[in-house]
Amino acid sequence: MWLEALTLQLGYNATLVTLGAMALGIAAGVTGTFLFLRKRALVSDAISHATLPGVGIAFMLMVALGGDGRSLIGLLLGSAASAGFGLLCIGWLTKYTRLAEDAAIGAVLSVFFGFGIVLLTIIQNLSAGRQAGLESFLLGSTAGMLWNDAIIIAVGGTLTLLLVVAMRRPMTLVAFDPEYAAARGVNVDRIDLAIMALVMAVTVVGLKIVGLILIVAMLIIPPVTARFWSDRTDHVVILSGVLGGAAAYIGAAFSASAPALPTGPIIVLVSFAFFAASLLFAPGRGVLAAVLRHRRFQRRVHMRQGLLALAQAQPIYEGYTLRLLKSAGLVQADGVATDRGKARAAKALRDEKRWELVRADQAMEGAAALYDGLRDLETVLTADQIAEIDIKLGGPQGVPV
Amino acid sequence: MSGAEFVPLSLTPLLIGVFSAIACALPGNFLVLRRQALIGDAISHVVLPGIVVAFLVTGVVSAWPMMIGAALASLVAVGLIEAIRRLGKIEPGAAMGVTFTAMFAGGVLLLEQTDTSSVHLDVEHALYGNLESLIWLDAIGWESLLDASALAGLPDELLRIFMTLIGVCLFIGLFWRPLKVSTFDPGFAEALGMRTGLIGLSLVVVAAVAAVAAFDAVGSIIVIAMFICPPAAARMMTNQLGKQIGWSVVFAMLSAILGYVLAGYGPLWLGANHAVSAAGMIATISGLLLALAAIAGPCRHRSGAPAH
């Protein structure tokens, strides 16, 4: 069942949903990256909740005009209109009043959503007995997806993707350095608006599959995940698209393989699994890498301190340091230094003295700034410079030669 | 309308709505000032997995286990957000977005996987509650307020949200100074020896408790709206924290009362014969009040900003 779902052999409808979801996932991952880099990830939450009144109003309008009211394109246009209005409200509140953006987001999100719920209850009563099925926009539903719906989603997803590709340069510039972008003549407000419009497009297209509460996850989680793996924007954008597409594909296929596995939540959870794995295991920024880095640092500090203690014939009591020195063969089991240990210790002490002179010398300020107690002097100064320091340091004194 | 109709059918939902609104608006003042307004949004989403897990563990739909489950879920969420933020060095908004969507998705999935056909537990209920159903069947009129046997039949939600409201008031009253100082000047608060981290965490916990208690009665939309809209509107009215809190209580009460009345009776006045969602209406009214304050409030501009 699983494999069949993943290889698109579960029949026409499941295949349609899976491919549509993947297109949406890629578009959402790519678009979300710019939102994330601009540090406005949660604006998407307000946008998605603000779509609900539009869905209700569009339905009522279409019914009033004698239509069926369930035409997906009409509902999506309505949702885009009200999401756009919500976005304007956020912009107005943050620009012209003292409210911070987070309060504006929360206010728009809750009020629009509340109003949407009011409209939904009106619709339920208006056409009593007639299931409008608008609740499916809350959590998404792929069960009754039609060919037309799938086409709308696929075309919408692809168009969004193309727009992002076309505008990636100015959007990157604005995301990293708005002032510089403005100085270069880029209209920052307009680019911000374009990012938001793209987010809105993804949200609206995704309403049908994952629903308005969870669509934000497709915009937020993949970029955050991708960020763990790279520090380059172009890589993060591509990776985020791939991760978003993969999560949507696997999630949609998995949900088609069994009943009672709603598509939206499964996609989100697959995406979250990618995130959790990256948080833990990504090289560089991951938790495991950080722990290893910390352990390595700890080992170097203990080693260094142990060697300095050996050189000055101080007893070592600290267990970890002793174990390290023993396993490196620098001390014997009774804590007495071996010959190799003595040699390493002598070098460590000499290096420490050399550093002392470097740090006391105004002329070597640049090199002295690099001192952290662990760095080898040879990596900072040339052999000539070290020789010069050694002259200052001098040899043993008061001993007959 | 006569007391015989009003007291049993509308008095308790109205009171529960008002108490919920105030209990959420009070901590909301500090959250808005600390730019943590969206914590309320995150908490109200993660309440769903909390109650579903509580239901799976206990097997019954009863209030206390669910409130405990919801409270635990919100603590887990706050911990997870903090962990993601620190471990991954991710901005708080994105960390929040990752956490609450994943937990909400988990809750929906659990709910779909569980056989809840015999009990009243679904996503819609979690979102917009069921304020209208919290009626006081034992009441026959105003005189029931003095009748002990009738009072025993009051909905449990009323007592719980009332106790929560008192708890929230006590917290804010007792810790007024540390809350105020650490909100406006965290550096100064630390210099005075205040534990700002602890104060921040306890504020979030109190907000979570208020959210969970209110959620139990009215659903999560009101919770988010009341955390943010009344305090935000109040912020446009004054520059003083004490007055701001007063205004926010007024706005919260107005939203709850007007919203409930409009939802219950508004459609009837317009000739329709069905009420609309009270929770949604209360949120809508709070938004309209915020819009009014944003257009005409005396302190709506950022201090120092040029008047527009």
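What covers the buried residues of α16(A) includes α15 (287-311) and α17 (339-360) of chain A, where helices (H or I, at least four residues) are DSSP runs numbered from the N terminus. This is a predicted model, in which local features need pLDDT of at least 70 and side-chain atom pairs count only at pLDDT 80 or more, while totals for chains, interfaces and linings use all residues. Residues are numbered from 1 along each chain as its sequence is written, and chains are lettered from A and ligands numbered from 1 in the order in which they are written.

A residue is called buried if 20 or more other C-beta atoms, placed from the backbone, lie within 10 Å of its own, exposed if 12 or fewer do, and partly exposed in between.

| Class in α16(A) | Residues |
|---|---|
| Buried | A:Thr321, A:Leu324 and A:Leu325 |
| Exposed | A:Gly319, A:Tyr320 and A:Ser327 |

Seen down the axis of α16(A), the buried residues fall within an arc of 95° (taken over the directions from the helix axis to the C-beta atoms), so they line one face of the helix. Just after α16(A), A:Gly329 takes a positive phi of about 75°.

Elsewhere in chain A, A:Ala83 is found in helix α5 (residues 72-96), and A:Ala83 counts as buried because 31 C-beta neighbours lie inside 10 Å. Leaving aside neighbours within four places in sequence, the contacts of A:Ala83 (C-beta atoms within 7 Å) include A:Ile47, A:Gly54 and A:Met200.

The domain assignment, automatic or from a database, gives domain 1 (2-265) and domain 2 (289-393) of chain A, whose C-alpha centres lie 56 Å apart.

Technical notes. Helices (H or I, at least four residues) and strands (E, at least two) are DSSP runs, numbered from the N terminus. Two residues are in contact if their C-beta atoms, placed from the backbone, lie within 7 Å.
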